[in-house]
Amino acid sequence: MTPIANDRASRIADADRLNVSFEFFPPKTDEMERNLWDAIGRLAPLSPSFVSVTYGAGGSTRERTHATVKRVVNETSLLPAAHLTCVDATKNEINDVIGSYRDAGVRHIVALRGDPTAGIGTKFAPHPCGYETSAALVDGIKKLGDFEVSVSAYPEKHPDSASIDADIDVLKAKVDAGADRAITQFFFDNELYFRYLDRVRARGIDIPIVPGILPVQNFKQAKNFTSRAGATIPDWLAARFDGLDDDPATRKLIAAAVASEQVLDLVDRGVTDFHFYTMNRADLVYAICHLLGMRPAAAQKAA
């Protein structure tokens, strides 16, 4: 084994120092429900720090999100983190949702401003009786219970922000309001993350900035996500998927290789926490975690 390979193997072998979390979205159909719970069942033995459940624009998935979170609480040993946005709701309505999560046993909320219900390219307008910003939402959550609160961060800046410095101002306001952790928008160039981290730390922000990782299940879909999120797809990544539109088996192998390279590089550079955008599918995420040295809890006990 070469010195470089031996060094990487020794780092990955210490999987106990790594923390992973998984994001899911609430299902719309019975088939999607089955796929979601198959994915949760596959990934749960890896003992994630938490699993988050997304929340549609304007509360469009509010009931499904709540039902999914409640089932996680009642039927698994996982710690759920419920997403919550400011969009198209009064403070009283949002506070009722927070209270319902608290009553269901949820102690972790991912607080987001949310996207305008009118779609991409439209300006966000807070509800006249609602929380105006994500920082205000964080403050409101903290006042209503002993919640852990995660917020978003944008290595390539939020599409609505005038500059990266203005975007970091928003993050600083969320931290000042009580945010415990930031989870980044997905990115494919690790240098973007480390440059962003340097700027955040220079502003005195010391909460964990957890990299969000998107294994590319579907390249066309990923391109659509990046256009909405203000993220970019490097030319080298597009080249890897070039010509594979009708070859899903090879796409899957390429996707696993790309995501593994990205995560292993982050580990080599000292990152220990990862948040995976699963798209309600477990295969690629499970493979990446396996490469990180993570094993199902039962298997570890048996060993």
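Me: Is Thr-90 buried or exposed?
Reply: Thr-90 has a relative accessible area of 19%. The cut-offs are under 20% for buried, over 50% for exposed and partly exposed in between, using a 1.4 Å probe and protein chains only. So Thr-90 counts as buried.

Me: Good to know. What sort of model is this?
Reply: Numbering starts from 1 along each chain as its sequence is written, and side-chain values use heavy atoms, with hydrogens and water left out. Local features need pLDDT of at least 70, side-chain atom pairs count only at pLDDT 80 or more, and totals for chains, interfaces and linings use all residues, as this model is predicted.

Me: Which residues does Thr-90 touch, leaving out those up to four places away in sequence?
Reply: Thr-90 sits in the loop between strand S3 (80-85) and helix H4 (91-104). Helices (H or I, at least four residues) and strands (E, at least two) are DSSP runs, numbered from the N terminus. With contact meaning heavy atoms within 4.5 Å, Thr-90 touches His-127, Cys-129 and Gly-130.

Me: What is the bridge partner of Ile-183 in S7?
Reply: S6 and S7 (residues 209-210) run parallel, joined by 2 bridges. The partner of Ile-183 there is Val-210.

Terms used
Pairing = 2+ DSSP bridges.
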